[in-house]
Amino acid sequence: MLLEELQRILACGEDSQHQFKREITHPDSLAAELVALSNSGGGRIFIGVADDGRISGLSPQQVRTLNQLLSNTASNNVRPPIHPSTQNIATEQGVVIVVTVAAGLNQPYMDAQGRVLIPAKLRAKIGLTRDIVFVGLNHYIEVWDAEVYAKMEAQTEEDFSSLVDYVYEKYPS
């Protein structure tokens, strides 16, 4: 990636495939980002970039520390482990690390505590609020907004009751 491409991406802002981080210091927060991207089609994390897209840059020492943190986190804090690639881009403000995370082949990926992160922008897009419901069978899960699921469940129960009444009327014993 060239500096011009970096600037073009930053000008467009964050989205579900591009996350900006001024810095990352905790493995759990990095693992959450890696898991979210692996589970949602892949993407990039730009470290050394503020949320508004301005480059803050990283020092050479920060780059070494972050590359080590990234390697350890991807191996030890994500299950199954993932293998992101990195590129360091020199800017006037310092280095920007571009972490590329491929779409996962062994989904779902989880952090070390067994959590799966759904990115905020994706939650907003599909209407997930504070409370969610997981419904699953075998290797398939659905994530529902709790309020929407409760309404759907109530409607299904009402529909089933109507069906039972119809069957009893149509086919008395």
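These legends accompany close-up views of charged residues in a predicted model.

The model is predicted, and local features need pLDDT of at least 70, side-chain atom pairs count only at pLDDT 80 or more, and totals for chains, interfaces and linings use all residues. Residues are numbered from 1 along each chain as its sequence is written, and side-chain values use heavy atoms, with hydrogens and water left out.

View 1. Asp111 lies in strand β6 (residues 110-111), where strands are DSSP runs of E with at least two residues and helices are runs of H or I with at least four, numbered from the N terminus. Asp111 counts as buried because its relative accessibility is 5%; buried means under 20% relative accessible area, exposed over 50%, and partly exposed in between, with a 1.4 Å probe and protein chains only. Its side chain reaches the backbone nitrogen of Gln113 at 3.0 Å.

**View 2. The salt bridge of Lys21 and Glu33.** The side chains of Lys21 and Glu33 meet in a salt bridge at 3.2 Å, N to O, the term standing for a side-chain nitrogen of Lys or Arg within 4 Å of a carboxyl oxygen of Asp or Glu. This pair links distant parts of the chain, with Lys21 in strand β1 (residues 18-21) and Glu33 in helix α2 (residues 27-39), 12 residues apart. Glu33 is buried, at 15% relative accessible area.

**View 3. The salt bridge of Glu147 and Lys151.** Glu147 and Lys151 form a salt bridge of 3.6 Å, N to O, and both residues are exposed. Because they are 4 residues apart in helix α5 (residues 146-170), about one helical turn separates Glu147 and Lys151.

Note on methods. Polar contact = N/O pair within 3.5 Å; in protein donor to acceptor, adjacent residues only side chain to side chain.
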